[in-house]
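Subject: Structure for you to look at

Hello,

I am passing on the structure we discussed. Please open it alongside these notes, which cover the pocket and then the helix contacts.

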Amino acid sequence: MDRMYRVLAFWTGIFTVMFYIGDMESLAVLFLAQTVFFIAVSYLKLSERMYMYLFGGYCTLFFIGFTYYTNFILVPGFGH
């Protein structure tokens with residue numbers, strides 16, 4: 001299970017680089033933080049149950065944050 005967190009760290013690292021190249025620094029920093037989190041957790045050698053609990057907590061925080069962003073911060077409209 002720790003290898004899957006390294007895979008998640010790899011992909012969030014790829015997104016970090018792509019966002020940075022695309023001049024989206026705030027998203028690059030967000031994904032860099034996720035990359036560091038996934039790498040740190042992958043080397044803790046936890047039980048599979050604990051890895052699943054951590055992933056469930058991560059998904060819960062993501063869905064809450066995404067829902068908040070899309071409902072209260074994202075302004076609908078066309079163009080700038």
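Helix α3 makes the biggest contribution to the lining of the largest pocket, with nine residues. Please keep in mind that this is a predicted model. Helices α1 (2–21), α2 and α3 each supply at least two residues of that lining. The volume of the largest pocket is about 480 Å³. Of its 17 lining residues, Leu 30, Phe 31, Gln 34, Tyr 58 and Phe 62 are the closest to the centre. By class, the lining has 14 nonpolar and three polar residues, and no charged ones.

The helix pairs are as follows.

α2 and α3. Helix α2 covers residues 25–42 and helix α3 residues 48–73. Their axes come within 12 Å and cross at roughly 165°. Angles over 145 degrees count as roughly antiparallel, so that is how α2 and α3 lie to each other. The crossing is right-handed. On the α2 side the contact consists of Gln 34, Phe 38, Val 41 and Ser 42, which meet Tyr 51, Leu 54 and Tyr 58 of α3. Five of these residues are nonpolar, two are polar and none is charged.

α1 and α2. Here the axes come within 8 Å, again crossing at roughly 165°, and α1 and α2 are therefore roughly antiparallel. The crossing of α1 past α2 is left-handed. From α1 the contact includes Tyr 5, Leu 8, Ala 9, Thr 12, Phe 15 and Phe 19, and from α2 it includes Ala 28, Phe 31, Leu 32, Gln 34, Thr 35 and Phe 38. Taken as a whole, the contact of α1 with α2 has 13 nonpolar, six polar and three charged residues.

α1 and α3. The axes of this pair come within 10 Å and cross at roughly 30°, which makes α1 roughly parallel to α3. Asp 2, Tyr 5 and Leu 8 of α1 meet Tyr 51, Leu 54 and Phe 55 of α3. This contact has five nonpolar residues, one charged residue and no polar ones.

Regards

Note on methods:
Residues are numbered from 1 along each chain as its sequence is written. This is a predicted model: local features need pLDDT of at least 70, side-chain atom pairs count only at pLDDT 80 or more; totals for chains, interfaces and linings use all residues. Side-chain values use heavy atoms; hydrogens and water are left out. Axes are lines fitted to C-alpha atoms, for helices over the stretch in contact, and angles run from 0 to 180 degrees between N-to-C directions. Helices (H or I, at least four residues) and strands (E, at least two) are DSSP runs, numbered from the N terminus. Angles under 35 degrees count as roughly parallel, over 145 as roughly antiparallel, 65 to 115 as roughly perpendicular and the rest as oblique. A crossing is left-handed if the near helix is turned anticlockwise from the far one by less than a right angle, and right-handed if clockwise. Contact means heavy atoms within 4.5 Å. Ala, Val, Leu, Ile, Met, Phe, Trp, Tyr, Cys and Pro count as nonpolar, Asp, Glu, Lys and Arg as charged, and the others, Gly among them, as polar. On a 1 Å grid over the protein atoms alone, a cavity is a set of points where a 1.4 Å probe fits but cannot get out, and a pocket is an open set with protein on both sides within 12 Å along at least five of seven lines; lining residues have an atom within 4 Å of a point. Grid points are joined across faces, edges and corners, and a volume is the space filled by probe spheres set on the points.
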